[in-house]
Amino acid sequence: MNWKLDATGQELLRRAESIAEKVVAPAAAETDKSARFPTDAIAALRSAGLLGLLSSKEHGGQGQSLRTAVAVVERLARECPSTAMVVTMHYCAAKVIDKFGRDIHCRAIATEGKLGTLAFSEAGSRSHFWIPVSTAEKIAQGIKLNAEKQLITSCEHADFYVWSSRPVQKDGLSTIWVVPRDADGLTITAVYDGLGLRGNGSSSLRARNVVIPETNRLGEDGQGFDIMVNEVLPCFNLLSASTSLGMMEGVVAHAVRHVSSARYAHDGTSLADLPQVRAHVAKMRIKTDLLRGLLQDALDALEQQREEAPLRVLQAKAAGAELSLEVHDLAMRVCGGAAFRKDLPVERFFRDSRAANVMAPVTDALYDMIGKSICGLPVF
Ligand SMILES: Cc1cc2nc3c(=O)[nH]c(=O)nc-3n(C[C@H](O)[C@H](O)[C@H](O)COP(=O)(O)OP(=O)(O)OC[C@H]3O[C@@H](n4cnc5c(N)ncnc54)[C@H](O)[C@@H]3O)c2cc1C
């Protein structure tokens, strides 16, 4: 796939490809079956320097752009969407820390390969992550956090969380912090046993009087919304779209292999000899290539600072989530009973593909935002 990467980006993608083939793919079925966090894959990515991909060279990272992260995540998602989503959340967290964090936190990611994630979603604000209800209070020892977070990818396995709360005292919707996983007062309240992305470890997390240093604040008090929209949203939306794209590539490959090899005994013809099946395969390919084109253009628009870049960022995630549902439905259809009774990994991809639509910003909210943007109304 031509993602127009520079020489370093190509080398990093080659490393990711090797890990995808040798470590991620062989473990993918078991990762799903037993809802097991992909520890070996993350360790391999760490050893290959891929967890520091978006971290700046100044902090010891690879200093790569979102384009390379998109390529890496897409490649991982073709084998194991759970692993791709863990990496997506890590890159989002790493990007915010690299821009706003203290040197010690930046280096922990860039050189030590610590794993991060976003802890934005809450039981109270649900998918409306931009208006958290959890609190941050200034006390003599630092900042005291209280929260009920939900569906936090890598919850038990991350070394730190990029965390949202209401502002301490300034106006604004939120403030962002870095919170170490081993902070006193953090408890996992519900272990993730999901329909799809089962290896994600997306558990619920409670903070009861967790105290962190005030210097763990990322950006200014009350600046959270700006950070979410300007830093996190482009990164998360495009990486979510690349996860959708990778899944689509994966499922198309499995479906084509099946329809080309499954035969009728009476005349030896394959499923691919049926014109209806070929038409469905053609639709799967077209939808996958449509998303790839949109994602490429979103990357170009961001890099060239084109006017439509914010619109492309919203479109890419919505299109990824919806087109992915359509492609996975078609894959289940053409693979018939073999997919239904789990002879093929198609059913696993089908379940994984359901998540993108309900991951915030949820697709229905994105449609509203895109509609507002097209009609010249304020998006937020
Ligand atoms: C596998 C997985 C991993 C996740 N990982 C993380 C993570 O690492 N960090 C994190 O912070 N969060 C994470 N999340 C949480 C995710 O981002 C959402 O917050 C969560 O899935 C929303 O669920 P909800 O039921 O609370 O949504 P609700 O807010 O209850 O939304 C339910 C439905 O209501 C409709 N709806 C809601 N809002 C709007 C709107 N504004 N306009 C139109 N329709 C709307 C949509 O149809 C939506 O699907 C993860 C979720 C999943 C499934």
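Colleague: How far apart are the centres of domain 1 and domain 3, taken over C-alpha atoms?

Modeller: Happy to start there: this is a predicted model, in which local features need pLDDT of at least 70, side-chain atom pairs count only at pLDDT 80 or more, and totals for chains, interfaces and linings use all residues. Residues are numbered from 1 along each chain as its sequence is written, and side-chain values use heavy atoms, with hydrogens and water left out. The protein chain is split into domain 1 (7-116), domain 2 (118-222) and domain 3 (225-374), with bounds that come from an automatic or database domain assignment. Between the centres of domain 1 and domain 3 the separation is 21 Å.

Colleague: How many residues of domain 3 are in contact with domain 1?

Modeller: Contact here means heavy atoms within 4.5 Å. On the domain 1 side 26 residues take part, and on the domain 3 side the number is 28.

Colleague: Which side chain places an N or O atom 2.8 Å from an oxygen atom of the ligand?

Modeller: Let me take the polar contacts, pairs of N or O atoms within 3.5 Å, in turn. A backbone N or O atom of Leu118 is 2.8 Å from a ligand nitrogen atom, while one of Phe120 is 2.9 Å from a ligand oxygen atom. The side chain that you ask about belongs to Arg126.

Colleague: And what share of the ligand's area does the protein bury?

Modeller: Accessible areas come from the Shrake-Rupley method with a 1.4 Å probe. Taken alone, the ligand exposes 990 Å², and the share of this that the protein buries is 75%.

Colleague: Is Ser242 buried or exposed?

Modeller: Ser242 is found in helix H6 (residues 224-261). Not counting residues up to four places away in sequence, Ser242 touches Val70, Val73, Glu74, Ala77 and Leu295. Buried means under 20% relative accessible area, exposed over 50%, and partly exposed in between (1.4 Å probe, protein chains only). Ser242 has a relative accessible area of 0%, so this serine is buried.

Colleague: What about Val191, buried or exposed?

Modeller: Val191 sits in the loop between strand E6 (186-190) and strand E7 (203-212). Its relative accessible area is 65%, so Val191 is exposed.

Colleague: Last one: how far apart in space are Pro180 and Gly116, C-alpha to C-alpha?

Modeller: Pro180 is in strand E5 (residues 175-180) and is partly exposed, with a relative accessible area of 28%. Leaving out residues up to four places away in sequence, Pro180 touches Asp159, Phe160, Leu186, Ile212 and Asn216. Pro180 and Gly116 are 64 residues apart in sequence, and their distance in space is 9.3 Å.

Technical notes
A polar contact is a pair of N or O atoms within 3.5 Å; within protein, one must be able to donate a hydrogen and the other to accept it, and residues adjacent in sequence count only if both atoms are side-chain atoms. Helices (H or I, at least four residues) and strands (E, at least two) are DSSP runs, numbered from the N terminus.
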